[in-house]
Amino acid sequence: MVLVINQFFMMDVNMLSIVLAAVAGMIVGMTWYTPKIFGAQWMKLAGVTPEMAESGKKNMMQSVGIAFFANLVSAYVIAQFAAISGATTVVDGVMLGFWLWLGLQMPINIGQVLWEQRPWKIFAINGAYWLVSAIVMATVITLMR
């Protein structure tokens, strides 16, 4: 068992691709949730007031840092799956991102709707964001393998 775990974590991954994929994921998120795209609608659906958003700016650097770290973790895991599957093309990246989203992220988003009583529209906004982000990150990683 230890050998299998060591082999999994020692897969040959391109660390630059992980960093670039994490940056790409951040760019997708910052773009997706701007007020002119889905940000204003998301705020309304999530019950985030302008005052809450303004007070959140106090910790913006910390929040961005944590989000970037989370994207690094996601990119690393995607890179592991890309290495295991041998993904190296744009189509491979799109398919990898799609399947990871479908099997891992989408069920979490549905759970938020079912158990947190969030509207289906917020599922659509967040779910589509995670789909696009996973595809972009996986494509960056697969093309740099």
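**A charged pair and its surroundings**

Modeller: E116 and R118 are joined by a salt bridge, in which the closest N and O atoms are 3.0 Å apart. The model is a predicted one. In general, side chains of opposite charge can pair when their charged atoms come close. E116 has a relative accessible area of 45% and is therefore partly exposed. R118 is likewise classed as partly exposed, because its relative accessibility is 32%. A search of the whole structure finds two salt bridges. E54 and K57 also meet through their side chains in a salt bridge, with an N to O distance of 3.4 Å, and E54 is partly exposed, because its relative accessible area is 48%.

Q117 is found in the loop between α6 (90-116) and α7. Its phi is positive, near 60°, although Q117 is not a glycine. Most residues other than glycine have a negative phi. Q117 counts as exposed because its relative accessibility is 64%, the cut-off being over 50%.

T142 has a relative accessibility of 1% and so counts as buried. Its side chain reaches the backbone oxygen of T89 at 3.2 Å. Apart from neighbours within four places in sequence, the residues in contact with T142 are A82, A87, T88, T89, D92, G93 and L96.

Helix α7 also takes part in covering helix α2: the cover over the buried residues of α2 includes α3 (35-46), α5 (60-85) and α7. Helix α2 runs over residues 15-32 and has 18 residues; from its first C-alpha to its last it reaches 26 Å, close to the 26 Å expected at 1.5 Å a residue. At the start of α2, a side-chain oxygen of N14 comes to within 2.9 Å of the backbone nitrogen of L16. The buried residues of α2 are S17, I18, A21, A22, A24, G25, M26, V28, G29 and W32.

An α-helix has 3.6 residues a turn, so residues three or four places apart point the same way. V23 lies in α2 and is partly exposed, because its relative accessible area is 34%.

Conventions:
Residues numbered from 1 in each chain as written. Predicted model: local features only at pLDDT ≥ 70, side-chain atom pairs only at ≥ 80, totals over all residues. Heavy atoms only, no water. Buried < 20%, exposed > 50% of the residue type's maximum accessible area, 1.4 Å probe, protein only. Polar contact = N/O pair within 3.5 Å; in protein donor to acceptor, adjacent residues only side chain to side chain. Contact = heavy atoms within 4.5 Å. Helix = DSSP H or I, 4+ residues; strand = E, 2+ residues; numbered from the N terminus. Expected span 1.5 Å × (residues − 1). Salt bridge = Lys/Arg side-chain N within 4 Å of Asp/Glu carboxyl O.
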